[in-house]
Amino acid sequence: MKIENKENKTVINVGLVGYGLSGRFFQGGVLRDLKEFDIKMIVTTNPEKKVQAKLDFPRAEIVDNIDEITKNDNIDLVIISTPNQLHFELANKALDVGKHVVIEKPFTPDSLSAKALIEKADKLKLVLSAYQNRRYDGDYMTLKSLIASGSLGRLVELESHFDRFRPEVKKDGWRECSLPGSGVLFDLGSHLIDQALDLFGMPDELYCDIARQRQSSEVDQFEMILYYKEKNLKVTLKAGSLVNVVLPRFMALGTKGSYATYGLDPQENALRCGESYPIPAEDEESYGILYEEDNKKVIPTLTGDYRLYYKGIYEAIVNKTIPPVTALEAYQVIRLIELGHMSDAEKRRISVKDNI
């Protein structure tokens, strides 16, 4: 493997596996604006996506399978952006030949697979990370800043939603099929759980209620409650597919006040529309509100930037820093999803420390 040096700047050559929504917009759309990375190869077997990939990245080689990437000594980083059930197999192949690996969330369909990848990456001294771009949403960054500043006092409760209104199940949508790693708990739940762990670490206990609210669907609604005993804190994570009302994205309750914010970070929509960075900040009318005892304040939303994740990956590969999302953190998310299924099946709280 040779990391190139161009104009006195180290450049990481990338092999991108998969060119669907994530591959094209959340990976390619973000990396396009980072000179530290160069997408050299893209894997897709879909004829239409091949054409699109060549339009988006004219200098990239478009290939049919990951073997073309793994046998190329010039590729430094492999990004796995395929259906979830393929994550382990493809990441394992890339690690075997000495490539650094980023896997789109959810990391793997099960925690045993996650552990196996971590052990291999550690042994080979390779960077392994999960792409958790929602850590770099402006609303989340604002919430994190407010908590850290003490503006809310001692936090007692946080409610985090990621809701949609999709009455019809996508017939060709693998995320909604009965496949390993499918369903909204893996899909959107991965984001919500990761944000909670980033803020507070692993909980002591959890309770989870899972539902299939539409006909012929995989899990399409869940509510997971994380309990932090020493902090006296309850964190509720919720996502659904039949929510046609505006609910808070975040609602945080503390001893000094409460904070609520609505809507989603504008980056996703902007990337889907083909916009490049810098992407405009959230509109002022979407700013969150801090409710204090005798006052309320409009809190300007920080400008999110998904590029920050890959800047962290760059530093991890080139300068041996800790990745922005560690493989252990990625494993913990998957393990909490498994414990969520256990909780739902047994209809009880689950001790996390006894099952991690």
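Predicted model: local features only at pLDDT ≥ 70, side-chain atom pairs only at ≥ 80, totals over all residues.

Author: Here is a short walk through some helices, strands and a core.

Reader: Which residues of helix H4 are buried?

Author: His87, Leu90, Ala91, Asn92, Ala94 and Leu95, in a helix covering residues 87–96. Buried means under 20% relative accessible area, exposed over 50%, partly exposed in between (1.4 Å probe, protein chains only). Helices (H or I, at least four residues) and strands (E, at least two) are DSSP runs, numbered from the N terminus.

Reader: What do they pack against?

Author: Strands E2 (9–17), E5 (77–80) and E6 (100–104), plus helices H3 (67–70) and H5 (111–124).

Reader: And just after H4? What does glycine 98 do?

Author: Glycine 98 takes a positive phi of about 85°.

Reader: On to E6. How many of its residues are buried?

Author: Five of its five. His100, Val102 and Glu104 lie on one side, Val101 and Ile103 on the other.

Reader: How do E5 and E6 pair, parallel or antiparallel?

Author: Parallel, over four bridges. Strands pair if DSSP finds at least two bridges between them. Valine 78 stands opposite valine 101 in E6. The chain crosses from E5 through H4 to E6, and this β-α-β crossover is right-handed. That term applies if, with the strands pointing away from the viewer, the path from the first strand over the helix to the second runs clockwise.

Reader: What about E6 and E7?

Author: Four bridges again join E6 to E7 (residues 128–131), and these strands run parallel. Glutamate 104 stands opposite tyrosine 131 in E7. Here the chain crosses through H5, in a right-handed β-α-β crossover.

Reader: Now the largest nonpolar core. Which residues touch the most other members?

Author: Leu77 and Tyr310, out of 100 residues. H7 gives the largest share, ten residues. Such a core is a set of buried Ala, Val, Leu, Ile, Met, Phe, Trp, Tyr and Cys residues joined through side-chain atoms within 4.5 Å.

Reader: What is tyrosine 310 in contact with?

Author: Leaving aside neighbours within four places in sequence, its contacts (heavy atoms within 4.5 Å) include Leu77, Ile79, Val102 and Tyr131.

Note on methods: Residues numbered from 1 in each chain as written. Heavy atoms only, no water.
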